[in-house]
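Colleague: I have the model open and would like to go through the terms with you. Could you show me the value behind each one?

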Amino acid sequence: MANKRDFRKYVGEVVNGICQDMMMAYYNIPGADVDAIDEAIIDVLKAGEIALAQSNVQFDKSAKAFANRKEYNNEKAKYFRMVYTKIHKEFTEALGVALKKFNAAIPQEIKDINKQVD
């Protein structure tokens, strides 16, 4: 991600899109396990909330701690790159777990119909 604003927009859009698709399945697929879908939606929302909370970090050193401004900027960029990479990885792993729960809640005959459509 380029910066915190872009990351926060990305997380919000992904969470909204996934939850919207899960809610459509919740109301429109007969025989779906609605309790499991509820849990999956909650897991997606939690993953988004955790990612947003963790993205609110600051670089813990000031420019005075470095020999010049260039070193400070390089270290700051490296720090944020490391932090956002870690947060993004944890976010995608949490989404993967939630999607597995969601997929398990869909009846097999619906899955077979979806395979035939592709």
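Modeller: The C-alpha trace spans about 65 × 25 × 20 Å along its principal axes. Please remember that this is a predicted model: local features need pLDDT of at least 70 and side-chain atom pairs count only at pLDDT 80 or more, while totals for chains, interfaces and linings use all residues. Residues are numbered from 1 along each chain as its sequence is written, and side-chain values use heavy atoms, with hydrogens and water left out.

Colleague: What makes up the secondary structure?

Modeller: Helices (H or I, at least four residues) and strands (E, at least two) are DSSP runs, numbered from the N terminus. By that count the protein has four helices and zero strands, and its pattern along the sequence reads α-α-α-α.

Colleague: Why does the length of H2 agree with what a helix should span?

Modeller: The expected span is 1.5 Å times one less than the number of residues. H2 runs over residues 34-54, which is 21 residues, so it should span 30 Å; its end C-alpha atoms lie 30 Å apart, and the two agree. H3 passes too: it has 37 residues, and its 54 Å from first C-alpha to last is close to the 54 Å expected.

Colleague: Which residues of H2 are called buried?

Modeller: Buried means under 20% relative accessible area, exposed over 50%, and partly exposed in between (1.4 Å probe, protein chains only). In H2 the buried residues are Ala 36, Ile 37, Ala 40, Ile 41, Asp 43, Val 44, Ala 47, Gly 48 and Ala 51. They cover an arc of only 155 degrees around the axis (taken from the directions from the helix axis to the C-beta atoms), which puts them on the same side of H2. An α-helix has 3.6 residues a turn, so residues three or four places apart point the same way. Asp 35, Lys 46, Glu 49 and Ala 53 are exposed on the other side of H2.

Colleague: What do the buried residues of H2 pack against?

Modeller: They pack against helix H1 (4-28) and helix H3 (69-105). In turn, the cover over the buried residues of H3 includes H1 and H2; among those buried residues are Tyr 84, Ile 87 and Phe 91. Over the whole protein, buried residues make up 27% of the 118 residues.

Colleague: Why is Ser 55 called buried, though a loop holds it?

Modeller: Ser 55 does sit in the loop between H2 and H3. Its relative accessible area is 0%, so Ser 55 falls in the buried class. Contact means heavy atoms within 4.5 Å; leaving out residues up to four places away in sequence, Ser 55 touches Lys 4, Phe 7, Arg 8, Tyr 84 and Ile 87.

Colleague: And why is Asn 56 classed as exposed?

Modeller: Asn 56 is in that loop between H2 and H3 as well, and its relative accessibility is 55%, so Asn 56 counts as exposed.

Colleague: What makes the pairing of Asn 56 and Lys 4 a polar contact?

Modeller: A polar contact is a pair of N or O atoms within 3.5 Å; within protein, one must be able to donate a hydrogen and the other to accept it, and residues adjacent in sequence count only if both atoms are side-chain atoms. The side chains of Asn 56 and Lys 4 meet at 3.0 Å, and that makes a polar contact. Asp 43, in helix H2, joins Lys 101 side chain to side chain at 2.6 Å. The side chain of Ser 55 reaches the backbone oxygen of Leu 52 at 2.8 Å.

Colleague: Why are Ala 77 and Tyr 10 put in the partly exposed class?

Modeller: Ala 77, in helix H3, has a relative accessible area of 36%, so Ala 77 is partly exposed. Tyr 10 belongs to helix H1, and at 27% Tyr 10 is therefore partly exposed.
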